[in-house]
Structure formats: C-alpha cells, structure tokens
Amino acid sequence: MASKAFASTALLLMISLNFLFFSLVSSKYVPCPPPPYKPKPSPSCPRDALKLGACANVLRGLINVQLGNPPKKPCCSLLEGLADLEAAVCLCTAIKANVLGVNLNVPVDLSLLLNYCGKKVPAGYKCA
C-alpha cells in the first residue's frame, strides 16, 4: 500500500512541478524587423547630353518632312546599346537643357525620335 501512496505522491509532485515550470516560462513573439528601405535608383543618362545635339538634325528632318531620310547615324549611334528607358532619359535631358535648339512638343517629338532609332517610350514615362 505504501508503494501506491508513494506513486500517487510522486505523480502529484511531478504534475505540480510541471505546472510550476510552465507558468514560469513566458513566450513573447518578437517579429523580425522589416528589411531596410532601398529606394529605386532614378534612371540617369550614361551619355553626354551635349552630344545629343546631333539628334536635332534628325528631328528637324522628321518634323519638316524633307525629301530623303534624315541622317540616322550621328543620333541613333549615341542611343545604341541603351535600354528604352535610358534612351528616353537621355533625350529628355537633352530637351530640358535645350541642346537640340528646337522648340519641341516634348511627348510627340520624344516618341518620334525614339521610334526612329528603334526604341520605344516606356509605358508611363513622362519627361519632367
């Protein structure tokens, strides 16, 4: 009989210790901090905007609709190897600096020049 009483007491003691230890343990959820904000780098023109003055002849030829084709090489070779967005930024920079020396309807003329050189104005791009 003593062994039954001893077993019951041991079981009761174990249960009491478990309750004691589980009540002392506290868990608190601490979320990981969000990753640091990295702003997207704004696109810039990897070419010298002054050199894009060569595009003025192309633009004049496209606007005035002269006979023959305007010279493609000087302007389009400067934009060669650039992504559409980079080419648009370069021409926009040249237009803002007024290197082309022409009064422009910016969205239309930018689109004309880019299309002429085999590039496209990226969707939603605005020359600001």
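## The model

This is a predicted model, in which local features need pLDDT of at least 70, side-chain atom pairs count only at pLDDT 80 or more, and totals for chains, interfaces and linings use all residues. Residues are numbered from 1 along each chain as its sequence is written, and side-chain values use heavy atoms, with hydrogens and water left out.

## The chain as a whole

The protein chain has 5 helices and 0 strands. Helices (H or I, at least four residues) and strands (E, at least two) are DSSP runs, numbered from the N terminus. Along the sequence the pattern reads α-α-α-α-α.

The chain holds 128 residues, and 24% of them are buried. Buried means under 20% relative accessible area, exposed means over 50%, and partly exposed lies in between (1.4 Å probe, protein chains only). The accessible surface of the chain is about 9,600 Å². Carbon and sulfur atoms own 63% of that surface. Such areas come from the Shrake-Rupley method with a 1.4 Å probe; for residues, only the protein chains shown count as cover.

Now take contacts, meaning heavy atoms within 4.5 Å. Among contacts with a separation of 6 or more, 70% join residues 24 or more positions apart.

## Lys119, a buried charge

Lys119 sits in the segment after α5 (106-116). Lys119 counts as buried because its relative accessibility is 12%.

What does the Lys119 side chain reach at 2.5 Å? It is the backbone oxygen of Leu82.

Phe19 belongs to helix α1 (residues 2-24). Phe19 counts as exposed because its relative accessibility is 61%. Together with Leu11, Met14 and Ile15, Phe19 forms a nonpolar surface patch with about 430 Å² of accessible area. Patches are made of residues with over 30% relative accessible area and no salt bridge: like charges are joined within 9 Å, nonpolar side chains (Val, Leu, Ile, Met, Phe, Trp, Tyr) within 5 Å.

Ser42 lies in the loop between α1 and α2 (55-64). At 60% relative accessibility, Ser42 is exposed.

Definitions and conventions: A salt bridge is a side-chain nitrogen of Lys or Arg within 4 Å of a carboxyl oxygen of Asp or Glu. A polar contact is a pair of N or O atoms within 3.5 Å; within protein, one must be able to donate a hydrogen and the other to accept it, and residues adjacent in sequence count only if both atoms are side-chain atoms.
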